[in-house]
Amino acid sequence: MSALLSADHDTRAIFALLDQYIDCLDSDRLEEWPELFVPTGCYKVVSRENEALGLPAPLMYLYSQGMMQDRVTAIRDALTFEFVFTRHLTSAPQLTVQDDGTVRARSNFALYQSTEEGVTRLFCVGGYNDRLVHSGGVWLFAERTVVVDTFGIQNLIATPL
Amino acid sequence: MSALLSADHDTRAIFALLDQYIDCLDSDRLEEWPELFVPTGCYKVVSRENEALGLPAPLMYLYSQGMMQDRVTAIRDALTFEFVFTRHLTSAPQLTVQDDGTVRARSNFALYQSTEEGVTRLFCVGGYNDRLVHSGGVWLFAERTVVVDTFGIQNLIATPL
Amino acid sequence: MSALLSADHDTRAIFALLDQYIDCLDSDRLEEWPELFVPTGCYKVVSRENEALGLPAPLMYLYSQGMMQDRVTAIRDALTFEFVFTRHLTSAPQLTVQDDGTVRARSNFALYQSTEEGVTRLFCVGGYNDRLVHSGGVWLFAERTVVVDTFGIQNLIATPL
């Protein structure tokens with residue numbers, strides 16, 4: 001349950017996956033985002049308060065790659081809001097291998113938004129709770145639950161966090 | 001003095017210890033916090049200004065595990081302040097093995113507080129200067145000095161940083 | 001192109017170099033900063049907007065170690081502004097080995113400034129795009145491009161970021 005990844009190769013591949021996640025979001029390559037999940041993968045946003053109280057109601061729940069792709073299409077086609085650059089800062093992820101060979105990862109993040117005029121604000125602080133699987137020779141997200149400490153702000157869940 | 005940890009196992013164990021530290025604080029499992037130190041361990045908070053001037057006076061100085069446990073009891077029983085969620089973001093720690101086999105670790109942190117209503121503020125920015133020892137088969141803190149760039153704010157040292 | 005560093009020793013040395021960079025800046029040991037570059041090394045600051053649009057005009061461009069040393073002298077001798085402590089937080093760098101043996105590194109950063117009175121503000125958020133070379137037995141910067149999301153603020157490029 002608490003075993004550490006022994007294969008250095010796997011650790012690097014997982015770190016690269018976690019980095020790809022924030023890089024494709026920050027670089028506005030949203031179309032790559034669903035590709036980081038397995039087809040039956042799940043993306044969830046829950047408030048810190050609900051998580052602490054054990055309440056299951058998520059702010060956002062996409063439970064397949066297809067739903068994530070729909071979400072990206074909606075963002076590209078339908079949503080209108082002021083363009084901002086995003087920048088994720090993440091703390092070093094802590095990995096634990098599960099009995100079934102999947103890996104749990106946990107890390108904290110701060111997400112900043114900057115306007116085209118160069119004005120930056122802290123948008124959201126939270127944590128990532130991930131379940132990662134080795135599938136078809138690569139590591140992918142089976143699940144990413146985003147626990148947000150900051151909520152009740154505009155457009156919080158308009159785009160992936 | 002500047003040797004790097006050669007044993008991958010030790011590096012992972014130390015990274016896990018540093019992560020446990022922020023996880024038990026952020027998850028409000030304060031009782032675990034003193035357990036991460038050796039019995040004679042020491043927890044210190046110093047202001048950035050005093051550190052830069054070489055002035056020794058700390059803002060907080062607990063020089064045994066027992067004092068830390070007392071502190072946790074005080075927090076649980078006596079202190080009253082508005083509940084907030086905390087979230088630490090830390091930069092990758094830099095480790096150096098000392099001649100005596102202990103390890104020095106250095107990392108930076110940003111500590112955010114969020115209310116139950118989901119409003120987040122930057123609480124404190126600073127650095128961790130650690131001395132870590134291998135004791136009884138596990139790595140523990142012999143000393144953690146928290147250098148705080150942000151001070152003069154309310155409740156700064158009410159809870160461990 | 002996308003190969004990972006196989007030698008653990010090199011990875012550690014590169015992580016140590018990246019850490020030295022922020023440590024010498026945060027500790028006001030600016031004179032060490034040019035020493036982390038090769039003599040023909042290059043330090044560039046570009047705005048996020050210009051980078052996104054593919055516009056080359058940098059906010060700051062120093063294309064030799066000598067220019068960096070001049071810059072440090074200027075900061076020490078000529079510039080006058082209120083003293084602040086700085087603190088960099090960086091996300092885990094992602095390294096990729098190039099065909100020619102150099103290494104590309106990418107990481108995000110948040111830079112905080114604190115006054116001597118202990119008041120902290122977020123100064124700048126951005127990313128580091130680096131080209132690192134192994135030279136004379138050590139790893140050094142051949143190029144560091146700092147992409148700043150936050151700009152139009154006072155003194156942004158007065159000191160190295």
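**Reading the chain interfaces**

Guide: The count between chain A and chain B is 3 salt bridges. Keep in mind that this is a predicted model.

Visitor: Which residue of chain B forms a salt bridge with Arg106(A)?

Guide: Arg106(A) pairs with Asp19(B), and their closest N and O atoms are 2.6 Å apart. Across this interface of chain A and chain B there are also 9 residue pairs in polar contact.

Visitor: Which strand gives the most to the side of chain A that touches chain B?

Guide: That is S5(A), with 5 residues. By kind, the residues on this side of chain A divide into 12 nonpolar, 9 polar and 5 charged.

Visitor: How is the size of an interface given?

Guide: The size is often given as the accessible area lost when the parts come together. For chain A and chain B, the buried area is about 1900 Å², with 49% of it from carbon and sulfur atoms. On the chain A side, Arg48(A), Gln94(A) and Asn108(A) lose the most area to chain B, together 28% of what that side buries.

Visitor: How much area do chain B and chain C bury between them?

Guide: They bury about 1800 Å², 49% of it on carbon and sulfur atoms. The contact takes 26 residues from chain B and 19 residues from chain C.

Visitor: How many salt bridges lie across the interface of chain B and chain C?

Guide: There are 3 salt bridges. One of them joins Asp149(B) to Arg87(C), with the closest N and O atoms 2.8 Å apart. S5(B) supplies 5 residues, the largest share of the side of chain B that touches chain C.

Definitions and conventions. Residues are numbered from 1 along each chain as its sequence is written. Chains are lettered from A and ligands numbered from 1 in the order in which they are written. This is a predicted model: local features need pLDDT of at least 70, side-chain atom pairs count only at pLDDT 80 or more; totals for chains, interfaces and linings use all residues. Side-chain values use heavy atoms; hydrogens and water are left out. Contact means heavy atoms within 4.5 Å. Buried area is the accessible area (1.4 Å probe) that two parts lose on being put together, summed over both. A salt bridge is a side-chain nitrogen of Lys or Arg within 4 Å of a carboxyl oxygen of Asp or Glu. Helices (H or I, at least four residues) and strands (E, at least two) are DSSP runs, numbered from the N terminus. A polar contact is a pair of N or O atoms within 3.5 Å; within protein, one must be able to donate a hydrogen and the other to accept it, and residues adjacent in sequence count only if both atoms are side-chain atoms. Ala, Val, Leu, Ile, Met, Phe, Trp, Tyr, Cys and Pro count as nonpolar, Asp, Glu, Lys and Arg as charged, and the others, Gly among them, as polar.
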